[in-house]
Amino acid sequence: SIPAAFTGIILVWSTTPLAIQWSSEGGGFLFGVTARMVLGLVFCLLAVRIAGVKMPWHIRARAAYLAAGVAIYGAMGLVYWAAQYVPSGWIAVLFGLTPLFTTVFSVFCISGHRLERMELFGLALGIVGLTIIFYDGASFGDGAAMGVVAVVCSALLHAASSVWVKRLSSDMHALAVTCGGLMVAVPALVLTWFLFDGVWPQELPKRARYAIAYLALFGSVLGFFWYYFLLGRVGAVRVNLITLVTPVTALLLGHWLNGEVILPTVWLGTGFIMCGLAMHQWQMFKARSRLPV
């Protein structure tokens, strides 16, 4: 059902940042992200086979796989690295800027798309919130400040990739795009882990093992299914309203389950980002309401 899918998406997006931190315990961030994506690829290949989805291999399909794979490799690698230095709740808040970044990239990549006044104001509020959180991170040390920068770069890369993939894969099954992207990202991640770490952990904590399996199945496969199910049923505008909920729930989960301290400045920065996202979504809703039925 649609309410169940909404609930599933909110749970997955709210718990993913905390699970990323836990999955890196014992084996390091490179092992955590590599193990997750390898398992995710296995689950995705099984889903493709069970669902009977055919993966095209023409030029546009290969380009879409490459665009998706670069984002999986780069964006996830940056997030996992940043999770060593910044609280999990911050990751969800900063990654919530993705819809704003996507709109900006759409201006350059989609003919006829331009930023409306409300979208510009929302983007400005998001930047104010980002600045507040960045300076708050700087007070924690250079590692936290660089972690904030890494998460923002990850969101930028994810936004650019989503616009490019959408242009290339309009006639392709979403599961095929995900599987193709993982096929590109997994060899690159395995090679990176081998070159810069290459140490197989002797023993992973139970929490890390569960977190890797959870991220591989729910974060990489089921979350994807639920997202595209809602996209087809209720549209992108309503689905993106989830980004107004998950940063707050992720902050609270990090506080309750991981003992993360939420400073007043973090709430202030989060408030600015949420207001910016709300204005962005309101502008999209107005634009959609003007379209002919």
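A residue is counted as buried when its relative accessible area is under 20%. In the predicted model, T246 has a relative accessibility of 6% and is therefore buried. This residue belongs to helix α11, which spans residues 246-258. Apart from neighbours within four places in sequence, T246 contacts I10, W13, S14 and A92.

The largest nonpolar core comprises 62 residues. Within this core, the members that touch the most others are M37, V86, W90, L94, V148, L175 and I273. Helix α3 (residues 59-82) supplies the largest share of the core, with 10 residues. For L94, the contacts beyond four places in sequence are L130, I133, V148, V151, V152 and A155.

The description of two packed helices rests on the angle between their axes and the distance between the axes. Helix α8 covers residues 174-196, and its axis lies 7 Å from that of α3, at an angle of about 50 degrees. The crossing of α3 past α8 is right-handed.

On the α3 side, the contact is formed by Y65, L66, A68, G69, I72 and Y73. These meet A176, V177, G180, G181, L182, V184, A185, A188, L189 and T192 of α8. Of the residues in this contact, 12 are nonpolar and 4 are polar, while none is charged.

How values were computed:
Residues are numbered from 1 along each chain as its sequence is written. This is a predicted model: local features need pLDDT of at least 70, side-chain atom pairs count only at pLDDT 80 or more; totals for chains, interfaces and linings use all residues. Side-chain values use heavy atoms; hydrogens and water are left out. A nonpolar core is a set of buried Ala, Val, Leu, Ile, Met, Phe, Trp, Tyr and Cys residues joined through side-chain atoms within 4.5 Å. Buried means under 20% relative accessible area, exposed over 50%, partly exposed in between (1.4 Å probe, protein chains only). Helices (H or I, at least four residues) and strands (E, at least two) are DSSP runs, numbered from the N terminus. Contact means heavy atoms within 4.5 Å. Axes are lines fitted to C-alpha atoms, for helices over the stretch in contact, and angles run from 0 to 180 degrees between N-to-C directions. A crossing is left-handed if the near helix is turned anticlockwise from the far one by less than a right angle, and right-handed if clockwise. Ala, Val, Leu, Ile, Met, Phe, Trp, Tyr, Cys and Pro count as nonpolar, Asp, Glu, Lys and Arg as charged, and the others, Gly among them, as polar.
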